[in-house]
Amino acid sequence: MRWAAWKLALAVGSAAGVPVIACTSFGSAPPPGDLNDGSVSDPPEGGTADVLDGERSAYARAVLQDGPIAYFRLGEDAGTETTSENGRHSGKLMGGAVLGAPGLLRDEPSTALTLDGHDARVDLGQSFDFDERAPFSIELWFNAHTLSGQYRMLVMKQSSGQIEAHNLYAESGRIVFERYVDGGGVKAQHSGSVPMGRAVHVVARYDGATMSLFVDGRMEAETADARLAAKKSGPFFIGGDGSGLESLDGEIDEVAIYDKALSVERIRAHYAAGRPE
């Protein structure tokens with residue numbers, strides 16, 4: 001692979017005492033900080049050393065272009081764990097969560113996660129806290145089989161007692177992005193009904209002052225919220241909550257988490273790449 005090739009050239013040149021600038025292709029130099037300085041850097045953020053861009057789908061390339069801190073493609077065929085694309089985070093499947101469902105994106109060979117609507121969820125552990133006014137974006141695709149009046153969690157991060165939280169869920173057919181601070185919730189809420197039986201693209205975005213909710217590439221809600229959030233003691237869940245009572249009944253796919261607020265243009269580009277019109 002190209003990444004491995006320039007590292008090999010670097011190692012050989014260094015061993016021979018010859019300064020080397022290795023190229024991945026004609027006119028292309030290695031990333032800054034990797035010019036024969038005696039160190040070997042990690043792959044670029046969001047990427048892996050053994051997968052080339054040409055081997056990823058257009059959607060995956062669009063997501064990785066924006067540098068997520070974690071990208072759970074949920075493409076494992078089976079098992080009880082899932083790993084992010086960059087290998088830095090992993091999650092444990094719990095309850096009725098099952099890997100290997102057909103993927104939700106058009107022309108995408110990767111598979112998806114099925115949740116049973118009862119106790120299914122993926123536990124990512126103590127991660128993705130985004131305390132105080134830290135910006136973040138959470139992006140995913142989901143397909144709901146049924147939606148009752150109760151909460152159907154897409155992602156959840158909260159402290160014990162729900163005093164501090166950021167959640168993304170469906171309730172009574174609507175999609176809701178919520179921040180809880182000191183026991184008080186502020187919502188950016190989708191006014192329409194969730195389409196059933198098809199993939200829906202959702203992005204929850206917070207820029208430190210405003211919460212925004214995007215559905216299928218369109219901004220559906222925006223709410224001011226500049227409150228300082230405390231650290232949250234609970235795990236980060238995909239598809240359910242810690243009680244096992246608020247699981248989605250359906251599939252979730254391509255969960256990406258960013259430590260920044262994605263631009264409107266990039267959110268639309270991701271949606272277009274995943275479900276072109």
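Modeller: Before we start, a salt bridge here is a side-chain nitrogen of Lys or Arg within 4 Å of a carboxyl oxygen of Asp or Glu. And keep in mind that this is a predicted model.

Colleague: Fine. Which side chain does E254 meet in a salt bridge?

Modeller: E254 sits in strand 16, and its partner lies in the loop between strand 1 and strand 2, 181 residues apart. Both residues of the pair are buried. With N to O at 3.0 Å, inside the 4 Å cut-off, the partner of E254 is R73.

Colleague: Which other residue is linked with R73 and E254 in a network of salt bridges?

Modeller: A search of the whole structure turns up eight salt bridges. R73 and E254 belong to a network of them, and the other residue linked there is E108.

Colleague: How many residues apart in sequence are the parts that R266 and D66 tie together?

Modeller: The closest N and O atoms of R266 and D66 are 2.8 Å apart, which makes a salt bridge. R266 is in helix 3, while D66 is in the loop between helix 2 and strand 1, so the parts tied together are separated in sequence by 200 residues.

Colleague: And R227 with D225: which of the two is buried?

Modeller: They form a salt bridge too, with the closest N and O atoms 2.7 Å apart. Buried means under 20% relative accessible area. R227, at 25%, counts as partly exposed; at 3%, the buried one is D225.

Colleague: Now the largest nonpolar core. Which strand gives the largest share of it?

Modeller: That core has 41 residues, and F142, L168, I175, F177, L213 and I252 touch the most other members. The largest share is five residues, and it comes from strand 7.

Colleague: Last one: which residues of helix 2 are buried?

Modeller: Helix 2 spans residues 58–65. Its buried residues are covered by, among others, strand 7 (136–144), strand 16 (249–258) and helix 3 (264–274). The buried ones are Y59, A60, A62, V63 and L64.

Methods. Residues are numbered from 1 along each chain as its sequence is written. This is a predicted model: local features need pLDDT of at least 70, side-chain atom pairs count only at pLDDT 80 or more; totals for chains, interfaces and linings use all residues. Side-chain values use heavy atoms; hydrogens and water are left out. Buried means under 20% relative accessible area, exposed over 50%, partly exposed in between (1.4 Å probe, protein chains only). Helices (H or I, at least four residues) and strands (E, at least two) are DSSP runs, numbered from the N terminus. Contact means heavy atoms within 4.5 Å. A nonpolar core is a set of buried Ala, Val, Leu, Ile, Met, Phe, Trp, Tyr and Cys residues joined through side-chain atoms within 4.5 Å.
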